[in-house]
Amino acid sequence: MYKNLSSILKSVSKPGRYTGGEYGQIIKDKKDINCRIAFCFPDLYEIGMSNLGVRLLYGALNQENDIWCERVYAPWTDMEEKMRQYDIPLWAHESKDSVKDFDIVAFSLQYELCYTTAINMIDLAKLPIYAADRTDDMPVLLAGGPCAYNPEPVADFFDVFSIGEGEEALVEFSRLYIKMKKNGTYNKKDFLREVSHLKGFYVPSLYDVEYNEDGTIKSFEPKYGDVPKKVEKRIIADLNTSYFPTKPIMPFIEVVHDRIMLETFRGCIRGCRFCQAGMVFRPVREKNAQTLNRQAKEIYENTGYTEISLTSLSISDYSCLHEATDLLLEWTNPKKINLSLPSLRADSFTKELMDKVSSIRQSGLTFAPEAVTQRLRDAINKNLYEEDLLNAVRLAFEGGKSQVKLYFMNGLPTETYEDIEGIAVLAKHVVDEYYKVPIRPKKPVSVTVSVSCFVPKPHTPFQWEGQDDLQLLRDKQIFLAEKITDKKIRYNWHEAKVSRLEAVFSKGNRKLSKAIAYAQKNGMRFDAWDEYFDYDKWMQVFAKCSIDPDFYANRKMSYDEILPWDVIDIGVSKNFLISENKKAYKSKTTPNCKEKCSGCGANKLGGDITWCPKAR
Amino acid sequence: MVSESQITPIRIKFKKYGSLMYISHLDLARTMQRIIVRSGIDIWYSEGFNPQPKIVFAVPLPVGVESECEYMDIKINTPMSCDEISRRLSANFPEEMKVLDVYVPETKLKKIMYIDYEITISSPYIEASTAEKINLIFSNDLYITKKSKGNEKEINIKEYIKSLKSRTSDDKIVIDAIIASGSEKNLNPELLIEAIKQNIGILTTSPISEYYTIMRKDMLCEDLTKFQ
């Protein structure tokens with residue numbers, strides 16, 4: 001097959017996506033292997049190779065001598081056309097073997113708009129897309145990643161979902177598979193039943209869902225007594241001792257994050273009420289500065305990258321930030337390695353910090369106030385003040401920067417037109433701040449205002465909210481466009497149709513599976529890509545499948561409604577989310593985990609929890 | 001012996017083959033920077049705002065072409081023996097790339113004027129006379145449209161060919177072609193394939209049944225001696 005593949009590559013764009021053979025890829029001898037895993041990323045190679053989670057799991061699984069995990073990415077449409085034309089099934093990068101011959105096929109679901117691409121990959125592997133149609137001799141299909149926190153829209157396609165952090169869980173899962181294969185007790189049904197007893201695995205076929213006449217869920221129950229009513233997510237207790245890949249694969253072609261990505265901590269102390277990551281990754285667990293520095297050195301020596309990015313949900317909240325950057329700069333500066341700190345909060349931005357990150361190369365600054373008026377910022381629990389932001393930009397301007405990017409969100413619960421107009425006013429204040437600085441760069445200031453649309457997300461205090469309807473979202477975008485008159489302010493807004501589709505799938509239930517299957521069958525994929533996103537076609541798909549998108553995206557749910565994702569337990573209690581939702585409408589803030597424990601419940605998961613005093 | 005303050009030029013000869021033929025020159029350049037950095041070779045960086053490890057490549061290799069004779073020049077700040085450099089690079093090269101030689105160069109890369117390519121064609125439509133037909137078309141004036149960066153230009157391929165011999169071997173056509181390559185005059189060997197497609201009528205069906213490979217065998221100087 002490979003010879004043919006090679007000659008086909010001459011006729012597709014960016015053939016480097018498909019070649020494999022990178023430095024750092026893991027090749028094993030098949031005769032030593034008891035379990036082969038095809039780890040699929042339902043997007044292009046350039047996107048998938050940048051994903052830290054995939055790197056982590058690839059490394060963690062390959063730590064096991066008798067397990068071989070390989071990578072699979074979605075072929076771009078020109079390649080898919082050739083594969084279908086010449087009958088080439090989806091293959092894995094390392095061995096070039098066909099995905100359908102693997103033991104386990106795992107998918108990382110990072111965003112809702114990758115669903116059709118994921119299902120298309122199953123189809124390209126020449127496997128039936130529905131779990132119920134796949135037989136015992138076919139691989140087990142597993143999915144994980146952020147979208148698994150509401151697995152229901154894709155529940156019919158996958159045999160099992162891994163909930164939470166997978167480094168340890170996937171090894172346990174593979175061990176169980178190997179054990180049952182070895183002692184001859186393996187069949188898919190029995191295996192999945194056993195899997196449901198492992199912590200952190202959700203097997204959708206083991207649950208019955210009944211609906212009320214209005215389409216809401218009437219009951220959601222396990223079919224058998226031994227199957228858990230709720231699946232609690234997995235976490236890694238101690239990031240200082242847990243596995244972290246220090247010899248990543250080096251892509252030949254440029255990928256999105258082509259640099260050292262160093263994870264500093266998991267979770268977020270903040271609790272912004274719209275933010276899913278801030279809830280589902282609780283409790284906060286940090287790496288210490290020494291561990292971080294050691295890992296950075298190892299990765300540098302193994303890769304030759306000249307840029308290190310310290311990743312987290314909010315890097316300024318990393319308690320070892322100063323210690324860690326001091327340790328790093330000691331050796332990265334002489335080696336001309338650039339250090340970048342994405343996700344900086346405006347209220348913790350200091351001159352010292354700025355001097356550190358700009359010590360090698362200049363880069364623009366980005367802050368995410370999300371909302372402008374103090375009332376709305378309090379409602380979403382973004383504990384940040386306008387003076388903090390203006391202080392931060394002044395410092396940046398004094399330090400020689402002339403470009404600032406500001407992120408906001410439209411359509412947040414309780415939002416008024418006054419809040420939207422405030423974005424234009426604040427942006428103007430930032431411009432004015434620049435011209436107040438006596439010694440500033442000799443060029444005009446550039447302020448970019450990027451506004452996304454609020455998407456209600458499962459497991460957040462805003463999970464019950466409905467999204468603004470499409471027309472309202474657009475009216476708000478146009479309203480703001482008219483308010484921004486200063487030429488120094490650039491206004492970008494997110495396509496509201498995309499956000500609407502995201503909302504449908506975010507809050508979706510099992511009934512959406514048929515729409516996704518229908519869309520895939522009708523050639524829809526790469527929905528996250530502008531060139532393939534087709535809203536009108538999606539509306540036709542929903543109509544054809546008797547799905548009412550308003551029911552999912554725009555309907556406000558009541559606190560006592562059974563939610564499709566209630567079966568997943570992220571550690572944070574529903575009572576906490578309800579209380580947070582109520583506080584939003586009173587514009588009442590909740591202190592961050594560093595200040596005070598607000599009793600979200602995530603400490604029941606354990607772990608070495610730096611900012612969770614109750615857990616100690 | 002090189003004194004510590006001296007910057008030493010180093011030439012590395014390597015091969016790049018198999019699926020790595022699909023890695024473009026730009027991607028190779030970035031990959032090579034990282035290979036040298038992780039090999040712990042104290043490479044000289046370019047000056048300026050955004051210092052980069054400085055690597056100069058001989059005639060860039062087109063996408064889809066394999067090579068047994070790539071050259072790149074670097075400078076090193078701290079002395080290191082050629083054997084040690086070779087050992088370190090070999091440990092850090094990806095599969096399908098091999099270090100062939102490391103030495104202190106005595107020539108300039110721009111001495112390269114020609115490259116010797118070996119083209120192998122597999123096709124069920126190869127006949128006994130095909131090899132001879134190929135020799136014939138390339139011995140006469142042969143005009144073809146060359147596309148580059150949106151521009152189209154008609155060129156006479158013959159002016160770029162120093163020598164070309166085609167023969168049949170195990171049902172395959174093997175072409176040995178020495179063509180102008182370098183900063184002054186350069187021909188992408190894919191254009192030879194294009195000419196064959198247009199004039200002989202093979203390689204025009206599916207890439208599954210008909211395919212070809214192109215291998216750079218040697219880089220040559222003006223007098224056709226091997227470049228070193």
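**Stop 1**

Select strand 10 of chain A together with strand 13, residues 307–311, of chain A. The two strands pair in the parallel sense, over four bridges. For one of these pairings, show Leu262(A): its bridge partner in strand 13 of chain A is Leu310(A). Bear in mind that you are looking at a predicted model.

Now widen the selection to the whole sheet. It is open, has three strands in the order 10-13-14 of chain A, and pairs them in parallel. Which strands sit at the edges? Pick strand 10 (260–263) and strand 14 (338–340) of chain A, each of which pairs on one side only. Ignoring direction, neighbouring strands of this sheet are turned by 20° against each other on average.

Helix 9 of chain A touches strand 10 and strand 13 of chain A, and its direction makes about 160° with that of strand 10 of chain A. Next, select helix 10, residues 321–332, of chain A. Helix 10 of chain A packs on the sheet as well, touching strand 13 and strand 14 of chain A. Its direction makes about 160° with that of strand 14 of chain A.

**Stop 1**

Zoom in on strand 15 of chain A and strand 16 (residues 403–410) of chain A. They run parallel and are joined by four bridges. Show Thr366(A) and look across to strand 16 of chain A, where Lys405(A) stands opposite.

**Stop 3**

Most residues other than glycine have a negative phi, and most peptide bonds are trans. Here are exceptions to click on.

Select Arg282(A) and Pro283(A). The peptide bond that joins them is cis, with omega about -5°. Pro283(A) is in the loop between helix 8 (276–280) and strand 12 (285–286) of chain A.

Next, find Asp87(A), in the loop between helix 4 (77–85) and strand 3 (104–108) of chain A. Its phi is near 60°, a positive value in a residue other than glycine. Is Asp87(A) buried or exposed? Asp87(A) has 10 C-beta neighbours inside 10 Å, so it counts as exposed.

Then go to Ser546(A). This residue is in the loop between helix 18 (535–544) and helix 19 (549–553) of chain A. Phi of Ser546(A) is positive too, near 55°. Ser546(A) counts as exposed because it has 9 C-beta neighbours inside 10 Å.

**Stop 2: where chain A meets chain B**

Show both chains. Here 26 residues of chain A are in contact with 22 residues of chain B. Highlight helix 1 (2–9) and helix 9 (289–303) of chain A: each supplies at least two residues of the side of chain A that touches chain B. Helix 1 of chain A gives the most, with five residues. Colour this side of chain A by class to find nine nonpolar, twelve polar and five charged residues.

**Stop 3: inside chain B**

The domain assignment of chain B gives domain 1 (8–106) and domain 2 (111–220). Their C-alpha centres lie 28 Å apart. Eleven residues of domain 1 of chain B are in contact with 14 residues of domain 2 of chain B. The domain 1 side of this contact has seven nonpolar, two polar and two charged residues.

**Stop 4: all of chain A**

Bring chain A back and zoom out. Its secondary structure comes to 20 helices and 19 strands. The radius of gyration of chain A is 24 Å, close to the 25 Å that the globule rule gives for 616 residues, so chain A is as compact as a globular protein of that length. Along the principal axes, its C-alpha atoms fill a box of roughly 75 × 65 × 55 Å.

Conventions
Residues numbered from 1 in each chain as written. Chains lettered and ligands numbered in written order. Predicted model: local features only at pLDDT ≥ 70, side-chain atom pairs only at ≥ 80, totals over all residues. Contact = placed C-beta atoms within 7 Å. Nonpolar A, V, L, I, M, F, W, Y, C, P; charged D, E, K, R; others polar. Pairing = 2+ DSSP bridges. Buried ≥ 20, exposed ≤ 12 C-beta atoms within 10 Å, placed from the backbone. Domains from an automatic or database assignment. Rg over C-alpha atoms; globule rule 2.2 N^0.38 Å. Axes fitted to C-alpha atoms, helices over the stretch in contact; angles between N-to-C directions.
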